[in-house]
Amino acid sequence: MDYLHDGHLSLIREAQKDAEIIVVSIYDNPAQFSPSEDLSTYPSDLDRDLKKLSDIGVDAVFHPLDLYDYGGSGETKSESVDNMEFTEEGEGNAVSCIGDKGEGRLGHETWIRVERLTKRLCGKSRPVFFKGVATVVAKLFNIVEPDIAIFGKKDYQQWRIICRMVRDLDFGIQVIGSDTVREIDGLAMSSRNVHLKPEEREKALSIGQSLLRAKLEALKGQTSCTELRNSVVQAITGSGGRVDYAEIVDQETVVAVEEIKAPVVFCVAAWFGKVRLIDNAEINL
């Protein structure tokens, strides 16, 4: 997505450890958003992003205009931007084609679903989200043909879904998860953080703080998930947040557990004002 931050740049630094050529895709994927969600207000500044990528040493940026509308011209523009190869592909409006039933249209109608992993956590409140994620990532993989792909583990469920899709569809790609990067005050980095009002941002620190406390309690021997969940929910709601979910789940299947007996991840999504934030803490006993 657009509006890169240091969390995104950390993925590039991770890739530079193992890859000779680094390609970054920037694409605001309309298939991830329902009509009521915030695609139109998602922060965007391509010139800013390209400057950041040039400074860190990216070889190429893939910035498709539309990956879904096959009725457009299919025109491709390519130019050099500060020693990076910069490519824009296609034209048109993807939203107009998704779900279109009109005769003679060439809209996109092939979708990828990772069945069980997408039904939990974010999949409950954002039912179209992971279908859009899996489909667009598969398309990007087919176009760019990477050997290694780096995904941030802040979007923990998304990372696991991509891992499962790659395995199930036999992509010859190694998917690496990179740890969450946080602001100095502990807030998990997100492009949406710019939409938080100052007082909301301060209150949103309760997410990361309560997750850290819960992790420390678990490491001390508190294995009851009910008690750990309650402590996090109370901390967030007490700070004025609205919890979408707070679940302790198996790290691979993202199935909720009631007692910590194996590696788990505590996943949280919460609203502060109009901004939905996600965060998590891996707990490895």
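Entry 1: I began with Phe-151 and looked up its relative accessible area, which is 15%, so I noted Phe-151 as buried. The cut-off for buried is under 20%. I kept in mind that this is a predicted model.

**Entry 2: its partner.** I turned to the aromatic pairs and counted six of them. One is Phe-141 with Phe-151: the ring centres are 6.5 Å apart. The planes stand at 80°, so I wrote this pair down as edge-to-face. Next I checked where the two residues lie. Phe-141 is in helix 5, residues 129-144. Phe-151 is in strand 5, residues 148-152.

Entry 3: Is Phe-141 buried or exposed? I found 8% relative accessibility, so Phe-141 counts as buried.

**Entry 4: another ring on Phe-141.** I then looked at Phe-141 with Phe-171. Their ring centres are 5.7 Å apart. Their planes are at 70°, so this pair is edge-to-face too. Phe-171 sits in the loop between helix 6 (156-168) and strand 6 (174-178). Phe-141 lies in helix 5, so the pair ties together parts that are 30 residues apart in sequence. I noted Phe-171 as buried, like Phe-141.

**Entry 5: the cluster.** Which residues do the ring pairs link into a cluster? I wrote down Phe-141, Phe-151 and Phe-171.

**Entry 6: charges over rings.** Last, I looked up charged ends. That of Arg-48 sits over the ring of Tyr-3, 3.9 Å from the ring centre. The charged end of Arg-126 sits over the ring of Phe-33, and here the distance to the centre is 5.9 Å.

Definitions and conventions
Residues are numbered from 1 along each chain as its sequence is written. This is a predicted model: local features need pLDDT of at least 70, side-chain atom pairs count only at pLDDT 80 or more; totals for chains, interfaces and linings use all residues. Side-chain values use heavy atoms; hydrogens and water are left out. Rings of Phe, Tyr and Trp (its six-membered ring) pair if their centres lie within 6.5 Å; planes under 30 degrees apart count as stacked, over 60 as edge-to-face and the rest as tilted. Helices (H or I, at least four residues) and strands (E, at least two) are DSSP runs, numbered from the N terminus. Buried means under 20% relative accessible area, exposed over 50%, partly exposed in between (1.4 Å probe, protein chains only). A charge sits over a ring if NZ of Lys or CZ of Arg is within 6 Å of the ring centre and within 35 degrees of the ring normal.
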